[in-house]
Amino acid sequence: NAATMLQDGEENDIRQLRQTGVRDFQDTTTDDVNTATATQTGNGNSIQNLQQRYEIAVGTAANSLVLSQTGNDNLVKQAFQYGAGNSLNAAFDGDRNGATPLSGVSLLPAPPGVPSSAAGRHSSYLIQDGLDNDIKLDVDANDTAFGFYQLGEGNSVNTVAITGDFNSMGVRQEGNENTVNQTSITSVMNVIGVLQQGDENRYQMTQLGGDGNIVDVDQFENNNEVGLRIGNGSDDNEVTVLQTGLPSAGKNRFSVRIRNESDRNDIDVTQTDKGPGTVDVRGSDNDIDVVQDGTNFADVKVGNQTVPSDNNTLNVGQTGGAGGRNEVFVDLFGSDNNATGFSGTTTSAAASAASLGQGDLFQSGVGNSMTLEIGTSTLGSDGNVFAMRQDGDFNVIEGAIAGTANEAVVVQVGNANTTGFT
């Protein structure tokens, strides 16, 4: 089946299109697909309900849907594809594209059933049910607000670019080996929420630019991965990552990088499984919190010899579940990090008798290791304050500090622990 819809006018409306195909079980040669193209250019456009369904016993098949809206008050209420290898390409160049609501990181979850916006849900939804399906979104906004739902395995959501301010997106994927790729967000005050349920799922943000954006990524199960980069002097963003799984079933990974002197960002990462993580900061006044429960590794870099980073606050907490062994490595260039605290009097009574303070590193379990390196002999870093605590046996803390007016408190509770500082 093939359908082409073109509306160039003022108050256009595509109310409903349904395409259904069924391939006979014995037919292995026919490559029938459903294709539909809907293009609207003008004012108050809307697309209410587009559905493509192709049921197949053998062979391969795919539905293809292309949506393009250029104009003022655009809306895609629901576009739905069922089958394998489907593609949905949506491009929006206009004003009120998704026509709100969507709020709070971005109002997940909703399908199946997709309640109406009157129930406080998403206005626009793009839905795929099956295997190896793909959604591509290109938005030159203003007020894009879209929900995405994919059920199955090997599905992907790709946002090529989002420009314009105050956009929001909610992406929900259920199944294994699904991906969300966001190439570029260069505007301000955008809200992105991602929920992935299953194994070997991946979220990648290549470039988060602009200021005041909120990104929340939740991954449940095992062998999942998050990679996120903030750059181009992007300030005042909030990033939250949650990864949960079973330590015996695989590793989740995360990487959060702040580049090009991006300041005042708030990064919160929580892992409750087995997995490594990297936080790399090139900017100042950032607040970074990493919490890991299991057998984990955290590699934290703040600044470098080219771009020192100042006034950052860093907290790392690791808990060794079921005898797990944790490692944390902190490499820092800059001054006045772990913003304020201590300043003398035997380092503020050993960080208030080891409840520690603002900006601390904490580990519990057996066989943990903690390494802290501040500055080098050629580039000292001054006025940094760190509190470190380990609870358990056979733990190791090592450190090297170059600079002036730096302070460190080290507390180890347990047996056969070692500390070495230079």
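Gln19 touches Asn1, Ala2, Ala3, Asn34, Thr35, Ala36, Gln51, Gln52 and Arg53, leaving aside residues up to four places away in sequence; a contact here means heavy atoms within 4.5 Å. Welcome to a predicted model, in which local features need pLDDT of at least 70, side-chain atom pairs count only at pLDDT 80 or more, and totals for chains, interfaces and linings use all residues. Residues are numbered from 1 along each chain as its sequence is written, and side-chain values use heavy atoms, with hydrogens and water left out.

**The whole protein**

- The protein has one helix and 31 strands; helices (H or I, at least four residues) and strands (E, at least two) are DSSP runs, numbered from the N terminus.
- Of its 422 residues, 51% count as buried, where buried means under 20% relative accessible area, exposed means over 50%, and partly exposed lies in between (1.4 Å probe, protein chains only).
- Among contacts between residues at least 6 apart in sequence, 56% join residues at least 24 apart.
- The protein exposes about 16,600 Å², and carbon and sulfur atoms supply 48% of that area; accessible areas come from the Shrake-Rupley method with a 1.4 Å probe, and for residues only the protein chains shown count as cover.

**Back to Gln19**

- You will find Gln19 in strand 2 (residues 14–22), and it counts as buried because its relative accessibility is 4%.
- Gln19 and Asn1 are 18 residues apart in sequence, and their C-alpha atoms are 6.7 Å apart in space.
- The side chain of Gln19 also makes a polar contact with the side chain of Gln52 (2.8 Å); such a contact is a pair of N or O atoms within 3.5 Å, and within protein one must be able to donate a hydrogen and the other to accept it, while residues adjacent in sequence count only if both atoms are side-chain atoms.

**The nonpolar core**

- In soluble globular proteins, nonpolar side chains tend to be buried together.
- Here the largest nonpolar core has 63 residues, and those with the most contacts inside it are Leu67, Leu126, Phe148, Tyr203 and Val215; a nonpolar core is a set of buried Ala, Val, Leu, Ile, Met, Phe, Trp, Tyr and Cys residues joined through side-chain atoms within 4.5 Å.
- Leaving out residues up to four places away in sequence, Leu126 touches Leu67, Val76, Ala79, Leu88, Ala90, Ile135, Gly147, Phe148 and Tyr149.

**Salt bridges**

- Side chains of opposite charge can pair when their charged atoms come close.
- The count comes to nine salt bridges, by the rule that a side-chain nitrogen of Lys or Arg lies within 4 Å of a carboxyl oxygen of Asp or Glu.
- One of them joins Arg264 and Asp235, whose closest N and O atoms are 3.7 Å apart.
- Arg264 lies in the loop between strand 19 (253–258) and strand 20 (266–272) and Asp235 in the loop between strand 17 (225–230) and strand 18 (238–244), so the pair ties together parts that are 29 residues apart in sequence.
- Arg264 is partly exposed at 41% relative accessible area, whereas Asp235 is buried at 14%.
- Asp299 and Lys301 meet through their side chains at 2.8 Å, N to O; Asp299 is buried at 14%, and Lys301 is partly exposed at 29%.
- Arg257, Arg259, Asp280 and Arg282 are linked in a network of salt bridges.

**Ser364 and Asp391**

- Ser364 sits in strand 26 (residues 360–364) and counts as buried at 16% relative accessibility.
- Its contacts, not counting residues up to four places away in sequence, are Gln318, Thr319, Gly320, Asn326 and Asp391.
- Asp391 forms a salt bridge with Arg389, with the closest N and O atoms 2.9 Å apart, and Asp391 is partly exposed at 22%.
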